[in-house]
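User: Could you walk me through this chain? I would like to go from the overall fold down to a few single residues.

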Amino acid sequence: QVQLVESGGGLVQAGGSLTLSCRRTGSFASVLAMGWYRQAPGKQRELVASLTDDMAIYADSVKGRSTISRGYARDTVDLRMNSLKPEDTAVYYCYVRGRRVGLNEFNDYWGQGTQVTVSS
């Protein structure tokens, strides 16, 4: 069973910072990427940042003020966001793209989401 456990969301003032953390459980034969998406009310879900073994990818809207990194264990990923803006308000979802042990295909797995609210 795959679970993605997210933490670190909450209410923060504009200009502030926060760190989102995600820990995955379940056996994977291969993981291509872990990262974060977000969805604001009335908008489509969008990629925020993604981390592979080779590179980190950021949305233009957060580039330069966000850092995605692996946690102490390779099954965790952290997203540090600085200089937060009201438009960063959204539900943030952790995801992993990987192949489970015993399966042939790669799939995306999602967390439940954590609310980030930035007040002006």
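Analyst: Happy to; here are some ground rules, followed by questions and answers. This is a predicted model, in which local features need pLDDT of at least 70 and side-chain atom pairs count only at pLDDT 80 or more, while totals for chains, interfaces and linings use all residues. Residues are numbered from 1 along each chain as its sequence is written, and side-chain values use heavy atoms, with hydrogens and water left out.

User: What pattern does the chain follow along the sequence?

Analyst: Helices (H or I, at least four residues) and strands (E, at least two) are DSSP runs, numbered from the N terminus. The chain has 11 strands and zero helices. Read in order, the pattern is therefore β-β-β-β-β-β-β-β-β-β-β.

User: What radius of gyration does the chain have?

Analyst: The radius is taken over C-alpha atoms, and the globule rule is 2.2 Å times the number of residues to the power 0.38. The C-alpha atoms fill a box of roughly 50 × 30 × 20 Å along the principal axes. For 120 residues, a compact globule would come out near 14 Å, and the chain agrees with that, at 14 Å.

User: What share of the residues counts as buried?

Analyst: Buried means under 20% relative accessible area, exposed over 50%, and partly exposed in between (1.4 Å probe, protein chains only). The chain exposes about 6,700 Å², by the Shrake-Rupley method with a 1.4 Å probe. Carbon and sulfur atoms supply 46% of that area. Of the 120 residues, the buried share is 38%.

User: How far apart are the mean positions of the positive and negative charges?

Analyst: Lys and Arg count as positive and Asp and Glu as negative, with His and the chain ends not counted. Each charge is placed at NZ of Lys, CZ of Arg, CG of Asp or CD of Glu. The chain has 14 positive and 11 negative charges, and their mean positions are separated by 1 Å.

User: Which residues form the disulfide, and how many positions in sequence separate the parts tied together?

Analyst: A disulfide is a pair of cysteine sulfur atoms within 2.5 Å. The structure holds one, formed by Cys22 and Cys94 with their sulfur atoms 2.0 Å apart.

User: What is the phi of Ser83?

Analyst: Ser83 lies in the loop between strand E8 (76-81) and E9, and is partly exposed at 42% relative accessibility. Most residues other than glycine have a negative phi. Ser83 is not a glycine, yet its phi is positive, at about 45°.

User: Which residues does Thr114 contact beyond its sequence neighbours?

Analyst: Thr114 is found in strand E11 (residues 114-119) and counts as buried at 13% relative accessibility. Contact means heavy atoms within 4.5 Å. Leaving aside neighbours within four places in sequence, the partners of Thr114 are Glu6, Gly9, Leu20, Trp36, Ala90, Val91 and Tyr92.

User: And which residues does Gln39 touch?

Analyst: Gln39 lies in strand E4 (residues 28-39) and is partly exposed, with a relative accessible area of 28%. Not counting residues up to four places away in sequence, Gln39 touches Gln44, Arg45, Ala90, Val91 and Tyr93.
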